[in-house]
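Me: Can you walk me through this structure? Keep it short, please.

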Amino acid sequence: MLRENRIKNHLTQEELAEKLDISWRHLQRLEYNEDKTTVSTLKKIIKVLNISDNEILEYLKK
(Lines give C-alpha, C1' and ligand atoms only; values in the text may rest on other atoms or scores of the structure.)
Protein backbone atom coordinates (compact mmCIF):
# COMPACT_ATOMS: atom_id res chain seq x y z
CA MET A 1 0.00 0.00 0.00
CA LEU A 2 2.77 2.44 0.88
CA ARG A 3 4.66 1.97 -2.38
CA GLU A 4 1.51 2.27 -4.48
CA ASN A 5 0.51 5.50 -2.76
CA ARG A 6 4.01 6.92 -3.08
CA ILE A 7 4.02 6.23 -6.82
CA LYS A 8 0.48 7.60 -7.19
CA ASN A 9 1.76 10.83 -5.62
CA HIS A 10 4.70 10.94 -8.07
CA LEU A 11 7.33 10.74 -5.33
CA THR A 12 10.61 8.87 -5.26
CA GLN A 13 11.64 7.01 -2.13
CA GLU A 14 14.19 9.71 -1.47
CA GLU A 15 11.64 12.52 -1.82
CA LEU A 16 9.11 10.85 0.45
CA ALA A 17 11.75 9.93 3.03
CA GLU A 18 12.84 13.56 3.14
CA LYS A 19 9.27 14.73 3.68
CA LEU A 20 8.87 12.17 6.49
CA ASP A 21 12.26 12.94 8.02
CA ILE A 22 13.38 9.30 7.83
CA SER A 23 16.12 7.60 5.83
CA TRP A 24 15.27 6.30 2.38
CA ARG A 25 16.51 2.89 3.52
CA HIS A 26 13.98 2.85 6.38
CA LEU A 27 11.24 3.82 3.91
CA GLN A 28 12.37 1.05 1.58
CA ARG A 29 12.12 -1.50 4.40
CA LEU A 30 8.64 -0.18 5.28
CA GLU A 31 7.50 -0.56 1.68
CA TYR A 32 8.55 -4.21 1.72
CA ASN A 33 7.16 -4.87 5.22
CA GLU A 34 10.66 -5.61 6.52
CA ASP A 35 10.51 -3.02 9.29
CA LYS A 36 8.08 -1.35 11.67
CA THR A 37 7.58 2.33 12.28
CA THR A 38 6.35 4.65 14.99
CA VAL A 39 2.83 6.02 15.24
CA SER A 40 4.12 9.53 14.59
CA THR A 41 5.79 8.43 11.34
CA LEU A 42 2.65 6.55 10.34
CA LYS A 43 0.62 9.73 10.87
CA LYS A 44 3.07 11.64 8.67
CA ILE A 45 2.81 8.99 5.94
CA ILE A 46 -0.99 9.19 5.97
CA LYS A 47 -0.91 12.98 5.83
CA VAL A 48 1.80 13.38 3.18
CA LEU A 49 0.33 10.72 0.88
CA ASN A 50 -3.27 11.75 1.59
CA ILE A 51 -4.34 8.18 2.38
CA SER A 52 -8.03 7.83 3.18
CA ASP A 53 -9.37 6.31 6.37
CA ASN A 54 -11.13 3.63 4.34
CA GLU A 55 -7.90 2.63 2.63
CA ILE A 56 -6.13 2.33 5.99
CA LEU A 57 -8.95 0.21 7.41
CA GLU A 58 -8.95 -2.09 4.37
CA TYR A 59 -5.21 -2.51 4.65
CA LEU A 60 -5.43 -3.33 8.36
CA LYS A 61 -8.09 -5.97 7.72
CA LYS A 62 -5.59 -7.98 5.65
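Reply: Let's start with Arg 29. At 25% relative accessibility, Arg 29 counts as partly exposed. Buried means under 20% relative accessible area, exposed over 50%, and partly exposed in between (1.4 Å probe, protein chains only). This is a predicted model: local features need pLDDT of at least 70, side-chain atom pairs count only at pLDDT 80 or more, and totals for chains, interfaces and linings use all residues. Residues are numbered from 1 along each chain as its sequence is written, and side-chain values use heavy atoms, with hydrogens and water left out.

Me: Which side chain does Arg 29 meet in a salt bridge?

Reply: That of Asp 35, at 3.2 Å, N to O. A salt bridge is a side-chain nitrogen of Lys or Arg within 4 Å of a carboxyl oxygen of Asp or Glu. Asp 35 is partly exposed, with a relative accessible area of 31%.

Me: How many salt bridges does the structure hold?

Reply: It holds 3. One of them joins the side chains of Glu 31 and Arg 6, at 2.5 Å, N to O. Glu 31 lies in helix H3 and Arg 6 in helix H1 (residues 2-8), so the pair ties together parts 25 residues apart in sequence. Helices are DSSP runs (H or I, at least four residues), numbered from the N terminus.

Me: Are Glu 31 and Arg 6 buried or exposed?

Reply: Both are buried.

Me: And what does Glu 58 pair with?

Reply: Lys 61, in a salt bridge of 3.4 Å, N to O. They sit 3 residues apart in helix H5, so about one helical turn separates them. Glu 58 is partly exposed, at 45% relative accessible area, and Lys 61 is exposed, at 65%.

Me: New topic. At what angle do H2 and H3 pack?

Reply: About 105°, with their axes 8 Å apart. Axes are lines fitted to C-alpha atoms, for helices over the stretch in contact, and angles run from 0 to 180 degrees between N-to-C directions. H2 and H3 are therefore roughly perpendicular, a label for angles of 65 to 115 degrees (under 35 is roughly parallel, over 145 roughly antiparallel, the rest oblique).

Me: Which residues make that contact?

Reply: Among them are Leu 16, Ala 17 and Leu 20 of H2, and Trp 24 and Leu 27 of H3. Contact means heavy atoms within 4.5 Å.

Me: What about His 26, buried or exposed?

Reply: His 26 counts as buried, at 15% relative accessibility. His 26 lies in helix H3 (residues 24-31). Not counting residues up to four places away in sequence, His 26 touches Asp 35, Lys 36 and Thr 37.

Key:
Helices (H or I, at least four residues) and strands (E, at least two) are DSSP runs, numbered from the N terminus.
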